[in-house]
Amino acid sequence: MTDLIKVQALTAAELLKNFEVSEEAEEHLVPDTAPEVSINQLVDAGLYPDAIKLLAHGLPKREAVWWA
């Protein structure tokens, strides 16, 4: 995956405060790293809905609305 330059959060933990992921996804998260790491882990595990949620919460509001 390419760099997620629009994601403003420094760590996945910053984004995970705002929503919950599935129990299965929790084991693939790396909260203290860049959100991209957790997103890639979730995609690799086939947990696309959780990866999409994490990405959507990381985008600036305007871009998230455009993307939706």
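Guide: What follows is a set of questions about a predicted model, each answered from a value and its cut-off.

Visitor: Why is leucine 47 called buried?

Guide: Buried means under 20% relative accessible area. Leucine 47 has 8%, so it is buried. This residue lies in the loop between helix 3 and helix 4.

Visitor: What does leucine 47 touch?

Guide: Leaving out residues up to four places away in sequence, leucine 47 touches Glu24, Ala25, His28 and Leu42. The C-alpha atoms of leucine 47 and alanine 25 are 6.8 Å apart, although 22 residues separate the two along the chain.

Visitor: How far is leucine 47 from valine 65?

Guide: From C-alpha to C-alpha, leucine 47 and valine 65 are 22 Å apart in space, and they are 18 residues apart in sequence.

Visitor: Why is valine 65 called exposed?

Guide: The label needs over 50% relative accessible area. Valine 65 is at 62%, so it counts as exposed. It is found in helix 5.

Visitor: Are the two partners, glutamate 63 and lysine 6, buried or partly exposed?

Guide: Glutamate 63 is buried, because its relative accessible area is 18%. Lysine 6 is partly exposed, because its value is 40%.

Visitor: How do you know that the buried residues of helix 3 line one face?

Guide: These residues are Pro35, Glu36, Ser38, Ile39 and Leu42. Seen down the axis they fall within an arc of 165°, so they line one face of helix 3. Their cover includes helix 1, helix 2 and helix 4. Just after helix 3, glycine 46 takes a positive phi of about 80°.

Visitor: What puts the buried residues of helix 4 on the same side?

Guide: The buried residues there are Asp50, Ala51, Leu54, Leu55 and Gly58. Their arc around the axis is only 135°, which puts them on the same side of helix 4. Among the elements covering them are helix 1, helix 2, helix 3 and helix 5.

Visitor: Which residues touch the most other members of the largest nonpolar core?

Guide: They are Leu15, Val21, Ala25, Ile39, Leu42, Leu54 and Leu55, in a core of 15 residues. Helix 3 and helix 4 each supply at least two residues of this core, and the largest share, three residues, comes from helix 4.

Visitor: What does leucine 15 touch?

Guide: Not counting residues up to four places away in sequence, leucine 15 touches Val7, Ala9, Pro35, Leu54, His57 and Gly58.

Definitions and conventions. Residues numbered from 1 in each chain as written. Predicted model: local features only at pLDDT ≥ 70, side-chain atom pairs only at ≥ 80, totals over all residues. Heavy atoms only, no water. Core = buried A, V, L, I, M, F, W, Y, C linked by side-chain atoms within 4.5 Å. Buried < 20%, exposed > 50% of the residue type's maximum accessible area, 1.4 Å probe, protein only. Helix = DSSP H or I, 4+ residues; strand = E, 2+ residues; numbered from the N terminus. Contact = heavy atoms within 4.5 Å. Arc of directions from axis to C-beta.
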